[in-house]
Amino acid sequence: MFKRSLFQTGLIARQARTVFTPISKRFISEETRSAIDKAVHSAPVVLFMKGTPEFPQCGFSRATIQILGQQGVDPEKFAAYNVLEDPELRQGIKEYSEWPTIPQLYVNNEFVGGCDIITSMSQSGELAQLLEESDVLVPEEE
């Protein structure tokens, strides 16, 4: 599914959050970009993580899953992708988002951030607002 390509050294900068971190830049292949696009569009809430929601393989992925659960994200509107199963996905998602760490959260096809951003947004109430406006929470019983 994912095809390997060459590495080059590069720097990334995030729009609102200026973060300069050296990463391996490979110029993601069209095949990989297409597969990631398909994954990002597979559900309203998409998480690229290490491990699975049931068995996270790193503390940051575990914390992000816990936050999404506490927020009440509807499991029917959620998809998770284990980057440990595919090295091309693991590197490709970093280039796709221009964000150097995993996990990575997408809501309605838009990159939101990694664990640090999700944690901060959760504490400030921004995440609850985003998820509610995006209509991705478990419906309340009437």
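I call a residue buried when its relative accessible area is under 20%. The model I am reading is predicted.

**Entry: aromatic rings**

I searched the whole structure for aromatic pairs and got five. I picked out one of them, Phe48 with Tyr106. Its ring centres are 5.8 Å apart, and the planes stand at 80°. With over 60 degrees counting as edge-to-face, I logged this pair as edge-to-face.

Where do Phe48 and Tyr106 sit in the chain? I found Phe48 in strand β3 (residues 45–49) and Tyr106 in strand β5 (residues 104–107). They are 58 residues apart, so the pair links distant parts of the chain.

Buried or exposed, I asked of Phe48 and Tyr106? Both are buried.

I then looked up the grouping around them. Phe48 and Tyr106 belong to one aromatic cluster, together with Tyr81, Tyr96, Trp99 and Phe111.

**Entry: helices α2 and α4**

Next I checked α2 (residues 59–71) against α4 (residues 115–124). The axes come within 9 Å and cross at roughly 30°. Angles under 35 degrees count as roughly parallel, and therefore I noted α2 and α4 as roughly parallel to each other. The crossing of α2 past α4 is left-handed.

Which residues make the contact? From α2 I listed Phe60, Ala63, Thr64, Ile67 and Gln71. From α4 I listed Cys115, Ile118, Thr119 and Ser122. I sorted the contact by class: five nonpolar residues, four polar and no charged ones.

Technical notes:
Residues are numbered from 1 along each chain as its sequence is written. This is a predicted model: local features need pLDDT of at least 70, side-chain atom pairs count only at pLDDT 80 or more; totals for chains, interfaces and linings use all residues. Side-chain values use heavy atoms; hydrogens and water are left out. Axes are lines fitted to C-alpha atoms, for helices over the stretch in contact, and angles run from 0 to 180 degrees between N-to-C directions. Helices (H or I, at least four residues) and strands (E, at least two) are DSSP runs, numbered from the N terminus. Angles under 35 degrees count as roughly parallel, over 145 as roughly antiparallel, 65 to 115 as roughly perpendicular and the rest as oblique. A crossing is left-handed if the near helix is turned anticlockwise from the far one by less than a right angle, and right-handed if clockwise. Contact means heavy atoms within 4.5 Å. Ala, Val, Leu, Ile, Met, Phe, Trp, Tyr, Cys and Pro count as nonpolar, Asp, Glu, Lys and Arg as charged, and the others, Gly among them, as polar. Rings of Phe, Tyr and Trp (its six-membered ring) pair if their centres lie within 6.5 Å; planes under 30 degrees apart count as stacked, over 60 as edge-to-face and the rest as tilted. Buried means under 20% relative accessible area, exposed over 50%, partly exposed in between (1.4 Å probe, protein chains only).
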